[in-house]
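Hello,

Please find the structure below. My notes on it follow.

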Amino acid sequence: MGLTDAIFNHPRLGYYGEYGGAFIPEILRTTLDELTQVFEDARRDSSFWTEFEQVMRTYSCRPTPITLLENLSREVGGAQIYLKREDLNHTGAHKVNNVMGQGLLVRRMGKSRVIAETGAGQHGVATATMAARLGLECTIYMGAVDVERQRPNVFWMEQLGAEVVPVTDGSATLKDAINESLRDWAYSMADTHYVLGTACGPHPFPQIVAYFQRIIGEESRQQLLDSVGRLPDRVYACVGGGSNATGLFLGFLDDAAVELVGVEAGGRGLETGDHASRLAGLVGTPGVAQGYKTFFFQDAEGQMRHTHSVAAGLDYIGVSPILAHLAEIGRVRIEAATDQEVIEALKRMMRSEGIIGALESTHALAGALREVGAMTPDQVVLIGLSGRGDKDIFTIADALADENWQRFLADKAARS
Amino acid sequence: MNLQAYIEERLAERKVLLMTHLIAGFPSLEANWRMLEIMAEAEVDLVELQMPFSEPIADGPTFARANQQALESGLTLDQYFDLMQRATAAFAFPHLMMGYYNTAFRLGHGPFCRRLAACGACGFILPDLPVEEYGDLWAAGAECGQTPILLMTPTNTDQRLQQIGAQAKGFVYAVARKGVTGRQTDLDDELYRFIARCRAATDLPLGIGFGLRSGEDLRQLQGQAEIGIVGSVLLEVWEREGEAGYAALVRDLAAGRD
Ligand SMILES: Cc1ncc(COP(=O)(O)O)c(C=O)c1O
């Protein structure tokens with residue numbers, strides 16, 4: 001059994017090695033069983049993937065291109081660096097792949113409302129978009145901290161017709177938005193589908209999200225074979241919950257020679273305790289929360305710790321059980337990049353290549369920039385750019401302490 | 001202890017039993033002690049003492065906030081077990097641990113059950129642990145007299161209720177409605193139909209939880225279920241009316257048993 005096959009047809013349902021499962025209150029059992037059944041039927045229906053690809057082609061610019069970063073590759077002087085351009089998706093991130101896919105499942109289930117958690121707001125915007133297009137009611141739960149730092153996305157979600165509910169519990173970030181979504185769902189499941197946005201949570205979510213996101217990896221593999229004539233030596237992706245990384249890695253999982261590197265949020269540095277890493281440096285430990293078993297950033301008694309990252313979408317306590325498993329068996333290497341490294345990498349890519357990456361995605365670039373110089377020009381690396389950075393304008397402008405922007409904000413505030 | 005036998009004994013004297021709930025460390029360990037004393041004065045039949053968790057997905061807004069505040073005020077596992085130990089030494093009613101699975105998982109199944117036993121508890125309720133994930137927690141509990149209390153819910157299929165019923169011990173915690181803790185429950189035909197479905201899946205006593213608010217609610221359960229389980233309203237009243245209001249509510253609930 002290949003590794004990919006093991007993820008989609010594991011003998012112990014919903015498990016990837018020791019991780020995964022469905023640790024949920026009984027009230028949601030029947031709903032998750034129904035979802036599992038609908039998903040199983042869909043993926044065994046040969047026309048379903050074709051329908052999905054058709055939607056993504058006509059609604060979201062798929063296939064997204066790969067771009068050779070000629071200037072950056074030359075400057076760094078190591079391997080040839082290619083970027084998988086998920087930032088060019090409709091709504092600006094890979095999140096839409098999973099969302100449109102789950103939208104097709106919602107249709108099959110005949111439900112009339114969707115709910116979702118969001119951190120950076122990318123998944124919320126994608127879900128609001130899908131809901132508008134399919135004529136569904138939509139509620140988005142978002143940590144109050146994230147509502148503040150991702151204002152542009154809140155604005156768009158509301159314009160798209162979604163209700164955005166700020167969550168003030170706990171640390172008021174992504175994990176708390178997930179808790180609130182699960183609570184809503186425990187009451188509303190008869191007519192509501194929970195569009196979980198990353199490869200986490202109870203079975204079947206990690207599998208569903210990985211299934212749709214693998215479109216990133218499959219396209220990338222073919223594109224590299226077509227244009228470069230070979231597979232990459234290394235593939236880098238940022239890891240929050242793990243959906244874009246899992247999706248990208250799935251394209252190369254059974255190519256043993258391709259090294260897969262996930263980059264977590266190192267925040268102010270792993271040694272400070274102020275970060276959002278779980279697997280890197282083994283700062284996390286196995287635990288069970290939010291419906292699944294994986295590595296969590298938690299204390300000795302199993303209480304979740306406060307996470308920190310400059311990137312709202314990575315600011316999360318858990319990680320996909322699929323990645324936890326792949327890291328444990330040594331198939332995926334996990335690193336961390338600090339906020340500071342990410343800001344530097346972001347500036348560098350803007351100036352050298354004219355590409356504005358999301359803060360989340362730029363973690364992958366920062367991780368790669370550390371290593372690529374030691375490689376040789378005949379080698380190839382592929383970096384997943386999971387999203388674009390427009391949404392981060394406030395955070396990035398703050399981090400860069402851009403005076404013109406600060407003056408603009410002050411003027412605007414004074415006038416209104 | 002044999003929980004089922006205890007429940008049946010108590011039912012010789014009253015028409016329905018009362019199980020009350022509190023969250024360790026909320027609003028404080030001292031307040032917890034007063035709550036327990038009030039419960040003891042009213043001769044409450046069973047008590048569930050919740051260990052707070054940072055991700056309480058099965059709890060509604062009142063309990064979620066209480067979980068969080070208890071942890072923020074520094075509640076540790078040692079303090080939790082210490083409270084459990086003092087409570088079981090001082091009060092006659094059986095005490096159940098209620099909480100989330102991560103607490104048991106992190107401690108290890110054996111140490112978790114042994115520690116509860118050493119504190120005089122008689123079992124545990126873990127609402128995020130489904131029966132197929134118990135593994136050796138069944139054996140660990142049985143070895144030191146800790147009864148795992150399982151939950152049945154209205155959305156479960158009959159087949160699933162059978163599966164749960166086959167593993168249940170002591171009594172079954174029947175969640176009277178959809179949603180999380182804290183919402184109101186109507187004691188209506190739908191509830192009675194659900195109770196009938198639970199009965200078909202188990203011969204154990206049934207405790208009805210989620211949303212009971214008054215002695216009148218308890219009275220309506222007489223002849224329908226063996227235990228009424230009360231949580232959110234107690235916390236709300238403690239916060240709104242303080243100790244005196246709390247004591248009056250516990251007395252009212254207790255009177256609903258006869
Ligand atoms: C652009 C972007 N990349 C990455 C992530 C992290 O999620 P995941 O690890 O599931 O890809 C997010 C989450 O919000 C995001 O918006």
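Where is the place of B:P27 in chain B? B:P27 is in the loop between β1 (17–23) and α2 (29–41) of chain B. Helices (H or I, at least four residues) and strands (E, at least two) are DSSP runs, numbered from the N terminus.

The conventions first. This is a predicted model: local features need pLDDT of at least 70, side-chain atom pairs count only at pLDDT 80 or more, and totals for chains, interfaces and linings use all residues. Residues are numbered from 1 along each chain as its sequence is written, chains are lettered from A and ligands numbered from 1 in the order in which they are written, and side-chain values use heavy atoms, with hydrogens and water left out.

Backbone points:
- The peptide bond from B:F26 to B:P27 is cis, omega near -10°.
- A:R62 and A:P63 are also joined by a cis peptide bond, with omega about -5°. A:P63 is in the loop between α3 (46–59) and β3 (66–68) of chain A.
- A:T91 is not a glycine, yet its phi is positive, near 70°. A:T91 lies in the loop between β4 (80–85) and α5 (95–109) of chain A.

Now the ligand. One is 2.7 Å from a polar backbone atom of A:G242.

Best wishes

Technical notes
Polar contact = N/O pair within 3.5 Å; in protein donor to acceptor, adjacent residues only side chain to side chain.
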